[in-house]
Amino acid sequence: MWRHYLILSALLSLFPLICFPQDKNPDNQLRGIIRQYGQVEVTIPYPGLKSADRLSRNVSILSVKDNIIFISLSPLTVEWFINQGFIYSIPEHRVVRGIESATSSIQAMNWDKYPTYPQYDSIMQAFNMNYPALCRLDTIGTTIDGRLVLAIRLTGAIGNEADKPNVFYTSTIHGDETGGFVMMLHLADYLLNNYGNNERVTSLMDNLNIWINPLANPDGTYTSGKSITSPVRYNAEGEDLNRNFPDPETPHTIQQKETADMVRFLKKHRFVLSANFHSGDEVVNYPWDRWPRLHADNDWFYSVSRKYADTVHTGSKQGYMTFMDNGVTNGYEWYLLYGGRQDYVTYSLQGREVTIELDNKYITPSSQLQSLWQENWRSMVGYLENALFGIRGKVVSAVTSVPLKAQVFIAGHDKDSSQVFSDSLTGNFTRMVSPGIWNLSFSSPGFRDTVMSNVEVVSQQKIHLDVKMKPISYDTTKNGTPLLYPNPALTRFNALLPANLAGEITISIINYYGELISEEHNTYTPGFPVLIFTDKFPPGTYTVVFKNLIKGSSCNGRIVVIK
Ligand SMILES: [Zn+2]
């Protein structure tokens with residue numbers, strides 16, 4: 001009898017709360033599930049835009065379908081949610097099913113089982129060791145629980161890597177959206193195996209630096225140890241990392257360690273094209289998530305997203321990746337989201353990022369990893385190829401040929417930070433844009449704005465521009481008008497002034513109606529431009545008056561501010 005008792009207690013300690021406590025109070029039921037699983041899902045009827053906005057700023061919205069909001073709560077957000085008093089339902093908890101762990105990294109590399117964390121680490125090391133000419137293993141950072149967030153760079157032997165645009169794939173920032181993790185490893189393996197044999201792969205790697213981060217949130221995936229048993233969406237502190245990036249309008253500074261590490265990595269490599277792989281639905285989601293308005297390159301975003309989904313459809317079972325507009329959606333049209341990586345990369349780093357939802361089961365069972373690959377690999381390769389097309393070029397000083405960091409702006413088209421910048425070390429820039437005739441303006445401090453007109457962009461083709469910028473020669477000894485540049489200005493401009501204004505000056509900004517809208521003090525040293533910020537001004541034409549209060553000398557000029 002005692003033996004039975006022992007066996008029973010052992011079983012109970014292994015599965016302490018397999019059934020939810022039958023608490024009549026649903027709030028306590030929520031708390032119970034959170035204690036057991038680290039997260040809980042609830043649904044509420046769509047409460048209107050104002051409440052949805054408030055929810056989006058405080059909890060993780062997973063999806064909106066048929067006027068129902070699906071919400072995920074973590075230990076950090078559950079009490080806030082309970083306090084709001086929404087009438088909610090608790091769907092049946094998704095039991096983790098079908099995850100089979102490989103017994104070795106060799107077995108994991110058949111890509112039909114999930115690797116353990118040590119196997120994952122070994123696989124990344126093996127790529128690096130087996131293909132030293134093509135690979136570079138890097139660490140984006142370390143998680144709160146001390147796991148490494150790894151990335152691998154794949155690039156071909158041909159071409160100077162400094163001249164190749166950087167592109168980036170990353171997956172499983174939500175630890176329980178597991179399919180993309182194996183897809184990324186499988187893709188790295190596929191590219192390495194086919195370099196030199198397959199023309200398409202070879203061209204891709206000879207022309208791009210392809211960075212792959214298979215697992216952005218290892219603490220969420222490997223919650224309890226080395227294999228995947230009870231993955232959660234959140235990081236070790238219960239934060240949703242894809243709601244944690246700085247928002248364009250209300251940047252916050254409190255970031256999780258994983259987010260801060262990722263931001264540093266993104267800023268270092270300035271990816272021209274990227275995608276963040278998730279699961280939970282089956283759709284390609286493009287910016288913006290946080291604004292109802294459209295990105296300046298909305299047509300381009302739609303077409304590359306459409307192509308991803310359409311290519312999937314050619315090789316998939318019927319009904320796969322057909323959510324929203326047959327597998328494609330604008331982010332806001334689906335649901336409002338703050339702090340996502342896609343908007344941060346696209347707005348703050350002038351990148352082009354989409355979010356790809358691979359599987360409406362959050363956890364892809366091991367038995368379906370191969371079919372998920374078959375359905376997506378062509379699209380994964382094809383999406384990266386977008387970085388080979390559009391406008392590429394190099395910006396240098398016309399006098400010294402030194403590469404320049406310049407703003408590359410399409411007048412009458414760019415808005416909401418959609419312009420790009422050339423790299424300060426190489427002068428290279430990539431501007432992917434829809435087919436058409438475009439006028440590009442280049443501006444760089446100390447250089448005259450340069451315009452390249454009637455640049456024709458043709459679908460699936462690359463056009464190369466050599467841009468030589470002339471340094472500004474401004475004779476400060478001649479009294480007259482100031483030199484204001486770049487003009488038009490986006491967020492700031494420089495002013496070079498006649499020498500008779502040297503010393504303490506006031507700078508007055510006057511709008512079209514003659515109203516003084518800003519006045520500031522500064523010190524002017526001839527030859528050194530004064531920097532004036534315009535990010536608080538609405539778009540328009542302004543008169544700028546510079547006055548030396550002691551000498552009484554003054555001058556004025558006009559600046560156009562655009563957004
Ligand atoms: Zn996700």
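Q: Why is Glu161 called partly exposed?
A: In this predicted model, Glu161 has a relative accessibility of 38%. Buried means under 20% and exposed over 50%, so Glu161 at 38% counts as partly exposed.

Q: What makes the pairing of Arg153 and Glu161 a salt bridge?
A: The side chains of Arg153 and Glu161 meet at 3.1 Å, N to O. The cut-off is a Lys or Arg side-chain nitrogen within 4 Å of a carboxyl oxygen of Asp or Glu, and the pair therefore qualifies as a salt bridge.

Q: Is Arg153 buried or exposed?
A: Arg153 has 9% relative accessibility and therefore counts as buried, the limit being under 20%.

Q: How do you know that Asp240 and Arg243 form a salt bridge, and is each residue buried or exposed?
A: Asp240 is buried, with a relative accessible area of 4%. Arg243, at 15% relative accessibility, also counts as buried. Asp240 and Arg243 are linked with Glu177 and Arg233 in a network of salt bridges. By the same rule, the count comes to 24 salt bridges.

Q: What parts does the salt bridge between Asp297 and Arg352 tie together?
A: The closest N and O atoms of Asp297 and Arg352 are 3.1 Å apart. Asp297 lies in the loop between S9 and H11 and Arg352 in the loop between H14 and S11, so the pair ties together parts that are 55 residues apart in sequence. Asp297 and Arg352 are both buried.

Q: Why is Asp289 said to have no salt bridge?
A: The nearest side chain of opposite charge, that of Arg243, is 7.0 Å away. A salt bridge requires a separation within 4 Å, so Asp289, although buried, has none. Asp289 is found in the loop between strand S9 (282-286) and helix H11 (298-314).

Q: Why is helix H14 called mostly covered?
A: Six of the eight residues of H14 (residues 341-348) are buried. These are Arg341, Gln342, Asp343, Tyr344, Val345 and Thr346. Among the elements that cover them are strand S6 (166-171), helix H10 (257-269) and strand S8 (273-278). Just after H14, Gln350 takes a positive phi of about 55°.

Q: Why are helices H7 and H8 called roughly perpendicular?
A: Helix H7 (residues 179-194) and helix H8 (residues 199-207) pack at an angle of about 100°, with their axes 8 Å apart. Angles of 65 to 115 degrees count as roughly perpendicular, which makes H7 roughly perpendicular to H8. The contact is made by Tyr190, Leu191, Leu192 and Asn194 of H7 and by Val201, Thr202, Leu204 and Met205 of H8.

Q: What makes Asn360 partly exposed, and where is Asn360 found?
A: At 43% relative accessibility, Asn360 counts as partly exposed, since the value lies between the limits of 20% and 50%. Asn360 is found in the loop between S11 and helix H15 (369-385). Leaving aside neighbours within four places in sequence, Asn360 is in contact with Gly280, Asp281 and Glu282. Asn360 and Ala495 are 135 residues apart in sequence and 55 Å apart in space, C-alpha to C-alpha.

Technical notes:
Residues numbered from 1 in each chain as written. Predicted model: local features only at pLDDT ≥ 70, side-chain atom pairs only at ≥ 80, totals over all residues. Heavy atoms only, no water. Helix = DSSP H or I, 4+ residues; strand = E, 2+ residues; numbered from the N terminus. Buried < 20%, exposed > 50% of the residue type's maximum accessible area, 1.4 Å probe, protein only. Lys, Arg positive; Asp, Glu negative; His and termini not counted. Axes fitted to C-alpha atoms, helices over the stretch in contact; angles between N-to-C directions. Parallel < 35°, antiparallel > 145°, perpendicular 65-115°, else oblique. Contact = heavy atoms within 4.5 Å.
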